[in-house]
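Let me put the structure up, and then I'll walk you through it.

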Amino acid sequence: MNLFQYLIVVFIIYTVVKMSLKLKRSVITLPVYFIWLVLWLSIGVLALMPQVLTYVAEFVGVGRGVDLAIYMAILAILYVIFKIYLRLEKLDRNISEIVQKVSIQNVHKKKLDE
Amino acid sequence: MKTFIVIPAYNEEKRIGQVIQDLLGSGYENIVVVNDASSDKTDVIVKNCAVDCIDHIVNLGQGASLRTGTQYAVDQGADVVVHFDSDGQHQVKDIEKFTEKISDGYDVVIGSRYLGSQENIPFSKKYFIHKPGVWVNWILTGLKLTDAHNGFRAMNRNSAQKIRITQDRMAHASEIPAEIKFHDLKHAEVPVDIIYHEYGQNLRGGITVVVDFVKQKLIS
């Protein structure tokens with residue numbers, strides 16, 4: 001095992017322990033915990049056995065394992081950005097709606113003596 | 001026929017007072033100003049006039065202000081809702097042309113700078129903003145008008161309830177023709193004269209409008 005692999009394993013153990021603590025304190029739900037657990041464990045497996053990734057990469061026709069990992073990572077990041085973008089738009093709309101409702105309720109009526 | 005004038009205002013302390021006085025002087029009694037979280041004295045000036053004033057707590061944009069104002073006007077029993085600018089660009093004498101068309105049975109009436117005398121429209125605005133705007137609107141909304149992004153418009157009660165302005169910022173001006181087409185509303189254009197001040201929609205603003213509108217179509 002090289003230094004990079006040691007670092008990754010330590011980092012994954014650290015993250016999984018933190019996540020488990022969060023689960024215990026009910027900060028995150030069980031399904032979310034499992035999704036991340038599977039993700040981190042697969043990263044660990046790939047780091048320790050890069051040949052697996054190379055095998056998958058050859059299977060899908062990309063060639064190099066690292067390239068496949070980078071492509072997947074970019075796709076994942078784009079997806080997350082898109083999700084955040086949609087969420088922000090929704091938030092924006094909700095804020096507009098609240099501001100508008102409140103503003104109409106607090107209308108400053110014209111003075112009738114003028 | 002109860003006509004309601006909706007005026008969106010954002011930092012218009014210099015002109016809003018005069019605009020309101022002109023409207024009141026011409027006999028328009030039902031006026032609502034939507035103060036879009038101005039940082040100047042717009043709200044103080046408006047609240048001293050014989051008009052209703054709605055304050056947005058945070059700045060939402062012109063589209064949102066029009067939505068708030070239109071909603072309020074409908075709640076107050078308006079038969080006709082007129083969108084009017086707060087910066088003195090629009091002329092009070094033109095309002096009659098809109099309300100007459102509505103009385104004639106049109107659902108929505110839109111002002112056009114290109115049906116009238118076309119005086120004093122700056123060259124750059126005409127050929128780089130309005131004309132391309134007309135084409136972009138035509139392609140995006142399917143409604144061919146002689147002017148794009150003219151904020152002077154009127155609608156009857158039924159249309160005011162139907163037309164949904166979802167764009168908070170400037171792209172609502174493209175959204176309204178799209179809604180007219182969608183709800184198959186009877187529309188007409190009337191010539192209006194616009195007085196240009198030093199600011200308004202520049203080229204970058206025009207591009208932002210298109211981007212906002214396309215974005216909206218993609219995600220909803």
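So, start with Phe152(B): this one is buried, at a relative accessible area of 0%. By buried I mean under 20% relative accessible area, with exposed over 50% and partly exposed in between, using a 1.4 Å probe and protein chains only. Before I go on, the ground rules. This is a predicted model, where local features need pLDDT of at least 70 and side-chain atom pairs count only at pLDDT 80 or more, while totals for chains, interfaces and linings use all residues. Residues are numbered from 1 along each chain as its sequence is written, chains are lettered from A and ligands numbered from 1 in the order in which they are written, and side-chain values use heavy atoms, with hydrogens and water left out.

Back to the rings. Phe98(B) is buried as well, with a relative accessible area of 0%. Its ring centre is 4.4 Å from that of Phe152(B) and the planes are at 25°, so this pair is stacked. The cut-offs: rings of Phe, Tyr and Trp (its six-membered ring) pair if their centres lie within 6.5 Å, and planes under 30 degrees apart are stacked, over 60 edge-to-face, the rest tilted. Phe98(B) is in helix α4 (residues 95–103) of chain B and Phe152(B) is in the loop between α5 (123–141) and β6 (153–156) of chain B, 54 residues apart. Helices (H or I, at least four residues) and strands (E, at least two) are DSSP runs, numbered from the N terminus.

Phe4(B) sits in strand β1 (residues 3–9) and Tyr72(B) in helix α3 (residues 62–75), both of chain B, so the pair ties together parts 68 residues apart in sequence. Phe4(B) is buried at 2%, and Tyr72(B) is buried at 1%.

Now, helix α7 (residues 172–182) of chain B: 9 of its 11 residues are buried. Among them are His172(B), Glu175(B) and Glu179(B). Just after α7(B), Asp184(B) has a positive phi of about 55°.

On to charges. The whole structure has 6 salt bridges over all chains, meaning a side-chain nitrogen of Lys or Arg within 4 Å of a carboxyl oxygen of Asp or Glu. In one of these, Lys93(B) meets Asp94(B) with the closest N and O atoms 3.5 Å apart. Lys93(B) is exposed at 52%, whereas Asp94(B) is buried at 0%. Shared partners join Lys93(B), Asp94(B), Lys97(B) and Asp193(B) into one network.

Last stop, the interface. Between chain B and chain A there are 0 salt bridges, but there are 6 residue pairs in polar contact, both at pLDDT 80 or more. Polar contact here is a pair of N or O atoms within 3.5 Å; within protein, one must be able to donate a hydrogen and the other to accept it, and residues adjacent in sequence count only if both atoms are side-chain atoms. On the side of chain B that touches chain A, α3(B) gives the largest share, 6 residues.
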